[in-house]
Amino acid sequence: MDRRLFLETSTVVAGSAVLGRASPGPRRPDPPMIGIQVGAVSFVDEGTDKVLDGFQEMAAINTLFLATFTYGRGIGGRQLRGQPLPDHGKQEYDDSFRGGNFATPHPQYYRHTSIAPEKAPDHPSYDVIADVLPAAHRRGMRVICWFEDVFRRDVPGFDQAAEIDLHGKPTGLTCHRNPNARNFWLGLAEDYLRSYDVDGLMWGSERQGPLDNALGSSHGSSSAGGVIACFCSHCLDAARKEEINIARARDGYLALERWAAALRAGQRPADGAFVTFWRLLVKYPELLAWERLWNEGLSDTYRALYGLAQGIDPAKGIGWHIWHNNSFSPFYRAEQDYAEFGKYSDFLKVVMYNNCGGPRLAQYVRNTHGTVFADLTPDQTLDFVYGVQQYREQSLARIAETGLSADYVLRETQRAVAGAGPHLKIWPGIDIDIPTGAGEKKTQPDDVHQAVRAAFQGGAHGVLLSRKYSEMRLANLRAAGRAVREVKPA
Ligand SMILES: [Zn+2]
């Protein structure tokens, strides 16, 4: 396929093929999905036609991932204060951002959840799907609703959907097994699919189970580790059904919590951190059983959403944003089985943010060096990560400043494509200007150009420019376009 033809196909025929389950007629190669994540504020600030024309001209975008629901700043609102505003959009910070549903919630879909379907008050009279969808379809662009598992505790009814931690306290996160949470996601998905002629859905949940959280095995900034949950009545019922000993699970997690706190306080057991961790696992296999229980709650949510989308319109795709922790933590990675995902997904956006990946990997090393890898030096911890995660980058002293290379994107893409099998589309998430700290890696045009090329070289079925247009600089977006135009799809 030559370049001109590819560009035409990528915007005009993008139609049925981008999300493509089986379509009638002769089989043709699918055009690659060239997507971008964009929130309501960009259309409000800059004008819908201007934004969409710019996407097509600058980066040959054929698919929009509209941030339709979140209470978080990762995909909603403008640039964060403390970070430079990009060279487009309103030159003002939006510190009063709240979030919610950026379309229009239709109450009939939320009868079976306690969680209030709040319309985001940030743009009270604006419905991002109603506005953008016709303008996108006129241009041959597809529209996917992109919603994520990020709430605020003060959302009415959230308290009846919250995870309960090891000590019986409600957390700021939903329990994946709680019907109020499950039915909220199902209601939201059904609302988007039935109320609007959208082309698909993507949901993301950047969370992990109690075992991984107890180890602090993530790139999150909290040095105290994450939430050990869930011990709500729904999860206790599920444990009884699975014949997991609840009292022993609690005892195990209390012991693990004490173990992690002691290590973080600088204590070193005579047998070392790793051996004493493994000793707890052997003594309390319920630790792993509870981790599995947590993951099953999440998988059931994926399965339920997939079943719902299939029931409404099997031609529309649904897939998932896979958290960046997948690149750093072997514990989390083990729980993201691409072949298993193939049973209840049309596509995966696997996060492969190589620029902010450097600082994030360095933080991951600091976090786990504080617990399970305390026997090693930080450099050895990083070496272990490179070994088991199957990519190799620069030393710990350098990665925060240099970021990760395009080779990391290539390897992660190849691994995902090989693991996913023939029917599951892999769309690597490429980072453009995701905020990092002072002195840490900032995205440059060459980085984006090389990362996009690496994704296609690795066999990707598309790329998804992330995390939100409102923080991207245009030169970096254009660099993605340059790479897309150079790549000839297989
Ligand atoms: Zn629960």
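Not counting residues up to four places away in sequence, which residues does Thr276 touch?

A: Before the details, please keep in mind that this is a predicted model. Leaving out residues up to four places away in sequence, Thr276 touches Trp259, Pro269 and Asp271. Thr276 is found in helix α9, and at 13% relative accessibility this residue counts as buried, because the cut-off for being buried is under 20% relative accessible area.

Helix α9 runs over residues 273-283, and its buried residues are Ala273, Thr276, Phe277, Leu280 and Leu281. These residues cover an arc of only 150 degrees around the axis, which puts them on the same side of α9.

In α7, which spans residues 233-241, the residues Cys235, Leu236, Ala238 and Ala239 are buried. They cover an arc of only 160 degrees around the axis, which puts them on the same side of α7.

In the loop between α6 and α7 lies Cys230, and a cis peptide bond with an omega of about 20 degrees joins Ala229 and Cys230. In the loop between α7 and α8 lies Glu243, whose phi is near 55 degrees, a positive value in a residue other than glycine. Glu243 is exposed, with a relative accessible area of 74%.

Elsewhere in the chain, a positive phi is found for Gln390, near 65 degrees, again in a residue other than glycine. Gln390 sits in the loop between α14 (378-389) and α15 (396-402), and this residue is exposed, with a relative accessible area of 51%. A loop residue can also be buried, as Leu424 shows with its relative accessible area of 2%; Leu424 lies in the loop between α16 (406-420) and β10 (425-426). Setting aside neighbours within four places in sequence, Leu424 is in contact with several residues, among them Tyr338, Phe341, Phe347 and His461. Leu424 and Phe347 are 77 residues apart in sequence, and yet their C-alpha atoms are 5.3 Å apart in space.

Turning to the whole, the protein chain has 18 helices and 12 strands, and 60% of its 490 residues count as buried. Of the contacts in the chain with a separation of 6 or more, 78% are accounted for by residues 24 or more positions apart. For 490 residues, a compact globule would have a radius of gyration near 23 Å, and the protein chain has 22 Å, which agrees. Along its principal axes, the C-alpha trace spans about 65 × 50 × 50 Å.

Note on methods:
Residues numbered from 1 in each chain as written. Predicted model: local features only at pLDDT ≥ 70, side-chain atom pairs only at ≥ 80, totals over all residues. Heavy atoms only, no water. Helix = DSSP H or I, 4+ residues; strand = E, 2+ residues; numbered from the N terminus. Rg over C-alpha atoms; globule rule 2.2 N^0.38 Å. Buried < 20%, exposed > 50% of the residue type's maximum accessible area, 1.4 Å probe, protein only. Contact = heavy atoms within 4.5 Å. Arc of directions from axis to C-beta.
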